[in-house]
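Subject: Structure handover, with notes on charged pairs

Hello,

Here is the structure I promised to pass on. My notes on its charged pairs follow below.

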Amino acid sequence: MAAQSAGLPHRHVLTMPTDPSAVRTARETAEQALVEWGIGLRHPAVDPALLIVSELVTNSVRHAAELSPQVTVIYAAGEDCLAIAVHDRHPRLPRLHGPFADPTGGLATVMELTLDLGGTAVVREDSDGAGKSIWITLPL
């Protein structure tokens, strides 16, 4: 799960119960990390990044909590890049691109924000097939 953020000098990992309070905690933790890393909250990528974190954690809370008692958020940043990953232990792999991607809802919002900023999104399946991480990378 951590391989994509390995080359970035700033990194923070947050694991918490998969319940509604996780959304607020994940967003507040993102704000604190960004400030500590010298990325101002007025940077044009910050508001979209915070919304992306909120949407991805909300999806884990809504759709994975039954099989995944915890959700993990990885925040990482470098001079020109911000990476966010949300991991849960639900085996369903959402489609982010293509004809079978959900055109509405949280993932559609995540994809629109990511692509508008020139970022990338990928779903990584756990090696045992029982969970996944959604990785978002945004240029700074």
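Arginine 24 and glutamate 28 join their side chains in a salt bridge, at 2.8 Å from N to O. By salt bridge I mean a side-chain nitrogen of Lys or Arg within 4 Å of a carboxyl oxygen of Asp or Glu. This is a predicted model: local features need pLDDT of at least 70, side-chain atom pairs count only at pLDDT 80 or more, and totals for chains, interfaces and linings use all residues. Residues are numbered from 1 along each chain as its sequence is written, and side-chain values use heavy atoms, with hydrogens and water left out.

An α-helix has 3.6 residues a turn, so residues three or four places apart point the same way. Helices (H or I, at least four residues) and strands (E, at least two) are DSSP runs, numbered from the N terminus. Arginine 24 is exposed, at 60% relative accessible area. Glutamate 28 is partly exposed, at 36%. The cut-offs are under 20% for buried and over 50% for exposed, with partly exposed in between (1.4 Å probe, protein chains only).

How many salt bridges are there in the whole structure? The search finds four.

Lysine 132 belongs to strand E5 (residues 132-139) and aspartate 88 to strand E3 (residues 81-88), so the pair ties together parts 44 residues apart in sequence. Buried or exposed? Lysine 132 is buried, at 8% relative accessible area. Aspartate 88 is buried too, at 4%.

Next, aspartate 126 bridges to arginine 89, with 2.6 Å between the closest N and O atoms. Aspartate 126 is in the loop between strand E4 (120-125) and E5, and arginine 89 in the loop between E3 and helix H3 (105-116), so this pair ties together parts 37 residues apart in sequence. Aspartate 126 is buried, at 16%. Arginine 89 is partly exposed, at 32%. Shared partners link Arg89, Asp126 and Asp128 into one salt-bridge network.

Last, helix H2 (residues 46-63). Its 18 residues, at 1.5 Å a residue, should span 26 Å, and the end C-alpha atoms are 26 Å apart, which agrees. The expected span is 1.5 Å times one less than the number of residues. Of the 18 residues of H2, 13 are buried, so the helix is largely enclosed by the rest of the structure.

Best wishes
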